[in-house]
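Please work through the exercises below with the sequence and the model side by side. Each exercise sets a task and is followed by a solution that goes step by step.

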Amino acid sequence: MENLLPIIFSTSFAYSVLRVTTPILFASLAAIISDKAGVINIGLEGIMLFAALMGVISSAFTQSVLIGVLCAVATGVLLSLVLAYFSLNLKSDIILTGIALNLFSSGGTVFLLFLAAQDKGISVSLQSKVVPEISIPLINSIPVLGEILSGHNILTYVSLLCVFLIHLFLYKTPLGLRIRAVGETPNAADSVGISVRRIQYMALMISGALAGLGGAYMSMGYVSWFSRDMTAGRGFIALAAEAMGRGTPLGTFLAAIIFGFADALSNVMQSLRVPAEFVQMIPYVTTILGLVIYSIKQNNKIKKYRRNQV
Amino acid sequence: MSNKKIETQFEIIRTFVAILMAMTLALLIILLVSKQPVDALTSFLTGPFSSIRRFGNVIEMTIPFVFSGLAVCVMFQAKQFNMIGEGAFYVGGVAASFIAVKFLLPAGIHPFAAILFGGVVGGLVGLLPGFLKVKWNANELVSSLMLNYVCLYLGLYMMKSTIRDPNAGMIGSYVFPETAMLKKILAGTRIHSGLFIAILFIALTYLFMYRTKWGYALRMTGLNESFAKYSGINTKRVIIYSQVIGGLIAGIGGATEILGMYQRFQWSALPGYGFDGIIIAILARNNPIFVPIAAFFLAYLRVGADIMARMTDVPSEVISAIQAIIIVLIAAKRFLAKWQHKRIIKNSQEKLAVKEG
């Protein structure tokens, strides 16, 4: 255990926290947008997975990073449109539709992977591209901080940028206002002439695009291949992060960092003499604890409010 | 014809249309990707019935599907989206293997004790998301999904540290003693006596849901929680026991599967039956009576797809499209709703005409 502290307090560990937070952050932001519009997107896990595969396949066939990322984003948007169509037009329960989407992605990606790479497990036979890492000119010369913040994958910077963009989008633009209105009281929004369904469609599409970016990062940045079920519950962890962050972009960012920390910890602890199973459990146990702590706090708040009412 | 009857009729029609549309899409996909589409289709659709052994495979697979389907039925009837079936099934298998390897018991009692222990551990796992929900209103969907991973790693660790066979050549337990295994009941297949346990549980679950006070309270809570609460039902208790029972059934399923189909414990990943349970429960409309039919259908699809993947160039995962479409179309309230609406109006008008005439 005494080996652990120096590892955690090293710059390379802090660097890796940002690295593993990126996919969770993208998915958490995706969860915020759809949740604000009153549509829960349980399908994030499946959307990310499918986008990760499409990023690999399209970048391998076109040999272009940009097309790969765009294809991943397009896949995310497309799948979220399917989710929107079934849940908003055909009135399927949105949770069941999301679960169906996850099941479909889990099998469908293996199906496509087999067709594209003749392999059911991993895509290494495809010459896919990765999004490059960049070092930022001014920041990289700052001691300590430079080593942590510079030299990341472009998508990591995009995800950080998205935290602010989503904040501005939700709280400073007309569409953001409408999304929030629709989520809070759809009837009131409807009565002032906002098309609830259209707004929810848009929210789900943006959510899908963000999850698509998360997927692209998984297979074109975090690692340079696609492997089956590679998202490993990150879409669900994102839902917990969104809940813990109370649906605000900044709060969610902090929650995502906590989960990223747990993920990174689990990565570095693999070299220590701890049973592998316990190490692999860390991110999931952290998520459950986080969810419980958040729920307790919420509960106390409601109780206090009720007491004051009486 | 009463309007209620028309509604039931339409539920059946909708189910079949959904299955038909899903199958059509799968056939289109096969036509698109395969160089030998006729062979692929034949082996997919008729393969499971082409030999006793293959038909046996379908029944073998139906058994765990029945358990996971029943588990999801109970939880979904109470409107609890608890996904713990997956983890409970896994730890149920681990717990049963533990009893099977560590204890020496007579033949009849050994599997009974092992399966019972599997069920208890499964129930305990199901308790956790239910407890967190009732106590602090923590979302059971997220907590149970995370808990599934914990079940996998904790179960695997427990297995490794207690009953792992170092000479197995893989990550697995010691071979189960003869006394612990469930007997094969049909020569030429691997169908085992777990089939009877599955049938017993279909009956028990049905009786519980539709013939007991607890089952009634459970269904009422699922239909309308606030209404149930104001009519004096302790909904918190319902939410907890629905998930404990769900976990228990899934745990028993895992135990039965491991003792019936395997020589030793060797699952190094979640087996996926928990999520299959969702498809089955939706096909069966959360009614235990229809669970065996739905389970058999899904097993037929799986075995057919496996045969197709072995004989031709189409991977078996093509059925993930079928499953997803079946779920969303059956869950879709608006699917064929207009048609149903028209029938009901016409029916009422006819009745009115008869009355007036």
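**Exercise 1. Which domains does the domain assignment of chain B give?**

Before starting, note that this is a predicted model, in which local features need pLDDT of at least 70 and side-chain atom pairs count only at pLDDT 80 or more, while totals for chains, interfaces and linings use all residues. Residues are numbered from 1 along each chain as its sequence is written, and chains are lettered from A and ligands numbered from 1 in the order in which they are written.

Step 1. The assignment for chain B, whose bounds come from an automatic or database domain assignment, gives domain 1 (1-34 + 314-357) and domain 2 (58-303).

Step 2. Taken over C-alpha atoms, the centres of domain 1 and domain 2 of chain B are separated by 30 Å. Nine residues from domain 1 and six residues from domain 2 of chain B take part in the contact, where two residues are in contact if their C-beta atoms, placed from the backbone, lie within 7 Å.

Step 3. On the side of domain 1 of chain B that touches domain 2, the elements giving two or more residues are α1 and α13 (319-331) of chain B; helices (H or I, at least four residues) and strands (E, at least two) are DSSP runs, numbered from the N terminus. Of these, α13(B) gives the most, with seven residues. By residue type, this side divides into six nonpolar, two polar and one charged, where Ala, Val, Leu, Ile, Met, Phe, Trp, Tyr, Cys and Pro count as nonpolar, Asp, Glu, Lys and Arg as charged, and the others, Gly among them, as polar.

**Exercise 2. Describe the overall build of chain B.**

Step 1. The secondary structure of chain B comes to 14 helices and zero strands.

Step 2. The radius of gyration of chain B is 22 Å, close to the 21 Å that the globule rule gives for 357 residues, so chain B is as compact as a globular protein of that length. The radius is taken over C-alpha atoms, and the rule is 2.2 Å times the number of residues to the power 0.38. Along its principal axes, the C-alpha trace of chain B spans about 85 × 60 × 35 Å.

Step 3. Of the 357 residues of chain B, 51% count as buried; a residue is buried if 20 or more other C-beta atoms lie within 10 Å of its own, exposed if 12 or fewer, and partly exposed in between, with C-beta atoms placed from the backbone. Among contacts in chain B between residues at least 6 apart in sequence, 79% join residues at least 24 apart.

**Exercise 3. Is Ala295(B) buried or exposed, and which residues does Ala295(B) contact?**

Step 1. Ala295(B) is placed in helix α12 of chain B, and it counts as buried because it has 30 C-beta neighbours inside 10 Å.

Step 2. Leaving aside neighbours within four places in sequence, Ala295(B) is in contact with Thr62(B), Phe65(B), Val66(B), Gly69(B) and Ile280(B). The C-alpha atoms of Ala295(B) and Val66(B) are separated by 5.6 Å, although the two residues are 229 residues apart along the chain.

**Exercise 4. Where does Asp229(A) lie?**

Step 1. Asp229(A) lies in the loop between α10 (196-222) and α11 of chain A, and it counts as partly exposed because it has 15 C-beta neighbours inside 10 Å.

Step 2. Phi of Asp229(A) is near 50°, a positive value in a residue other than glycine.
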